[in-house]
Amino acid sequence: MQTNASRAHGALEAMFREESVFDLYSRGRWQVPDGLVAAVTERVDALAEDPRSALLVVDEHPALRTPVPAVVADVLGITAFLCGDVAVRSGSWRRLEHDLVSSHLAGAAQGSPGRDGLGGLRTGWVASAAPWRPPGGDLFRAAGDDRGLRRLAWELTAEILRVLAGIESLEDRRQGLLTLYEHAAADHDLVEATLSAPSTPAGWAQLRERWADAAGDDLVAVLPELTGNVGYLSWIVDGWCAAHRLLADAVPGGDDLCTALSCLLVQAGLTVVPPELAVGVRGDLYAQVGARLAEDVRTWDAGAWRHQVRSWLAGALVAGEFDVARTWLDLAVRLTGVVQGLPGDAATPDPCLVPVGEFQDDVRRLFRVRRVRHPLAGAASAPAWLATEDVFPPVGHRNGPVRDTVPAPGRRPDETPDRSAGAPPDLVDGAGCARASALAQATAMIDRIVGQPALVAVLRELVDMPAQDLRLLVTGPPDVGTNLAVDVLARLMTMRGFDGTAVWLHHEQFALLDADSAVAQLRDRVEGCDGERLIAVDGLDRLVSHERIGRPLAQELHRLISAHGAQVQLVAFGGPDGYRRLVDACPSLAAWWRVVRTREFTAGDFAVLFGRALDRRGATATPGALRAAGDLLAETRAAAAEEERNAGLATRLADLAVAAARRRTNWATSPVVDVVDLPTEYAEPEDGGSEDGGSEDVGSEDVGSENARSENAGTPRHVQRAELGR
């Protein structure tokens, strides 16, 4: 049987294996759009096949099959540099530079995304040295002293930077490098120096310094590596010291700054303080570290140090200092690599005892807890901390059998449900029948959700295990199943004694209030639902990031969840970057939520929604009309008003098409919509509007979802009457 620890470790591996995530600790977690890496890889391969690239070739390379165009080698180097020299990365795309040149990797480098920057098979993070610096690397080395080939190397290096466009986490640094190349091209002396510098280590080091000197302060702020080894070390140490002070103020149990810095140097394998460090720590601190380092080397206990730091950073997580803790770790690893490489370039850290992997495990351990009710307590024994953005589990993943031990209302603990047919237990008592009915209704509603596999997977898990507490944040485009998801969850809440309806809170309701009034209203609304009704929050990210009232509202919501526990069940909705905005606004509040991301509808999804809207109007469509409607809706979506972008847009098109079909068929009661009935521009339907009065395909006529939205009356969910898609 798997232990809890091994299950957690397996869950962490599964998350990084299954999620399309690129997470720079210095920048934050980024959900990589489907197909983006493949598109960039195609651009890289096209550049490698360009006839110009055949003129500059690398004969030996540790990671690539050789001979190989030097442009491929520089894609590796430049991408790593854009990530940051020895910067900590996590997520399934953590070895992004290798993924972009996967077709050129040597046999030993195949499968590199599973390996970390330390050369092992640890899961979860990498921190690779990135020695590439402008003006270039392998391209210029292949060019030698030939001025014409050096011009070509310059040109192809700039081409690489343009090919790498679209990787959001790297964009600021990519743009900074492009700006540097543009400035250099306008500097006649620097151009001449680049074309004529001798191809020797000393000559190239001087050229690097000239390029770095050409970078303004704004560029150096984005690309601190340009300041050279000593300057970069200074930047790292100053930032790490600041992060350590912030954590020390917030979390007891950590070492003082001098002790912490000394221990960090010892874990990096140093026995003396490098003089380069004086630039960063300066003055008394440098002297104090030097005075105690020898004693720390003599008494060093690596295991004890690592355990102490891990425990301290876990305390930082609970205190809400998630981002500062990540910064501390990132800069600690960078410092390790830089001091190990002195007096030369930074090295990939080895050894490196900084507990990055343990920190990631602790985030999951602390914020991915399955609540278990003790039979004597009668209530949950611990807050329902769920996943922060860095570690929320793959959608639909089940972390062990804990939830199956939780008795649901109307069910005896010794009953074992028969799930062989995917049906709820066949109970004959009244509570059991009500429970079975609620589950059946919820399942039927889930089956109506179109084009959102991640949301469907989470809802099905909740149907299977309805006793778990609900803190669900749905982020993504508007109007892709919001009301239907709330209907499902409200129905499931009946098995906790809730009344099966939901109270909606909209961010607009608080926008005009002062802070005290907004907090009081939030408290009244939430406490009014205590143990009775599901709470649905529309625009949670906008609410908590509001410039004037966001912070006090975030703190109050965090307090209410903590105080009321299982009596408060919430589902919230936000934009595509909603969780990141929530983390920025209030990390402690963000820690409560499980996150699921929705996506834009495809043309096929739109065709299904359009067909359903026609069916509710007593109409049908030809196959050609369904396909054409799906294509039209997908093309129109980007220009549509937010309230009518997705399901609402399909409903609006159905109104127009049915009105046109009825006119064409002399007002037939059950018209068949054809391609000719689809509008090329907006025309108000003659009956004056939507025939079912809804902007979302929720199937409310089947499951009574209007009750779940009764609190939503009067909220600004307007439907704009304008040209379709405007």
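**View 1. Arg27 is partly exposed in this predicted model.** Its relative accessibility is 39%. Arg27 forms a salt bridge with Asp172. The closest N and O atoms of the pair are 3.6 Å apart. This pair links distant parts of the chain. Arg27 lies in the loop between strand S1 (21–24) and strand S2 (28–31). Asp172 belongs to helix H7, and the two residues are 145 residues apart. Asp172 is also partly exposed, at 48% relative accessibility. In total, the structure holds 31 salt bridges.

**View 2. Pro33 sits in the loop between S2 and H2.** Pro33 has a relative accessible area of 40%. That value lies between the cut-offs of 20% and 50%, so Pro33 counts as partly exposed. Ser20 is 13 residues away from Pro33 in sequence. In space, the C-alpha atoms of Pro33 and Ser20 are 7.6 Å apart.

**View 3. Salt bridges link Asp50, Arg52 and Glu155 in a network.** Arg52 forms a salt bridge with Asp50. Here the closest N and O atoms are 3.1 Å apart. Arg52 has a relative accessible area of 23% and is partly exposed. Asp50 is partly exposed too, with a relative accessible area of 21%.

**View 4. Helix H6 spans residues 147–163.** H6 has 17 residues. From its first C-alpha to its last, H6 reaches 24 Å, close to the 24 Å expected at 1.5 Å a residue. At the start of the helix, a side-chain oxygen of Asp146 comes to within 2.9 Å of the backbone nitrogen of Gly148. The buried residues of H6 include Leu152, Ala153, Trp154, Leu156 and Thr157. Arg150 is also on the buried list, as are Ala158, Ile160, Leu161 and Val163.

**View 5. Arg523 and Glu556 form a salt bridge between two helices.** The closest N and O atoms are 3.1 Å apart. Arg523 is in helix H22 (residues 515–528), while Glu556 is in helix H24 (residues 550–564). The pair links distant parts of the chain, 33 residues apart. Arg523 is partly exposed, at 29% relative accessibility. Glu556 has a relative accessible area of 7%. Buried means under 20%, so Glu556 is buried.

**View 6. Five strands form an open parallel sheet.** The strand order is S8-S9-S10-S7-S11. Strand S8 (502–506) and strand S11 (594–597) are the edge strands, and each pairs on one side only. From one strand to the next, the twist averages 20°. Helix H19 (residues 453–464) packs on the sheet and touches S7 and S11. The direction of H19 makes about 140° with that of S11.

**View 7. Strand S7 runs parallel to strand S10.** S7 covers residues 471–475, and S10 covers residues 570–574. The two strands are joined by 5 bridges. One of the residues in these bridges is Arg471, whose bridge partner in S10 is Leu570.

Conventions: Residues are numbered from 1 along each chain as its sequence is written. This is a predicted model: local features need pLDDT of at least 70, side-chain atom pairs count only at pLDDT 80 or more; totals for chains, interfaces and linings use all residues. Side-chain values use heavy atoms; hydrogens and water are left out. Two strands pair if DSSP finds at least two bridges between them. Helices (H or I, at least four residues) and strands (E, at least two) are DSSP runs, numbered from the N terminus. Axes are lines fitted to C-alpha atoms, for helices over the stretch in contact, and angles run from 0 to 180 degrees between N-to-C directions. Contact means heavy atoms within 4.5 Å. The expected span of a helix is 1.5 Å times one less than its number of residues. Buried means under 20% relative accessible area, exposed over 50%, partly exposed in between (1.4 Å probe, protein chains only). A polar contact is a pair of N or O atoms within 3.5 Å; within protein, one must be able to donate a hydrogen and the other to accept it, and residues adjacent in sequence count only if both atoms are side-chain atoms. A salt bridge is a side-chain nitrogen of Lys or Arg within 4 Å of a carboxyl oxygen of Asp or Glu.
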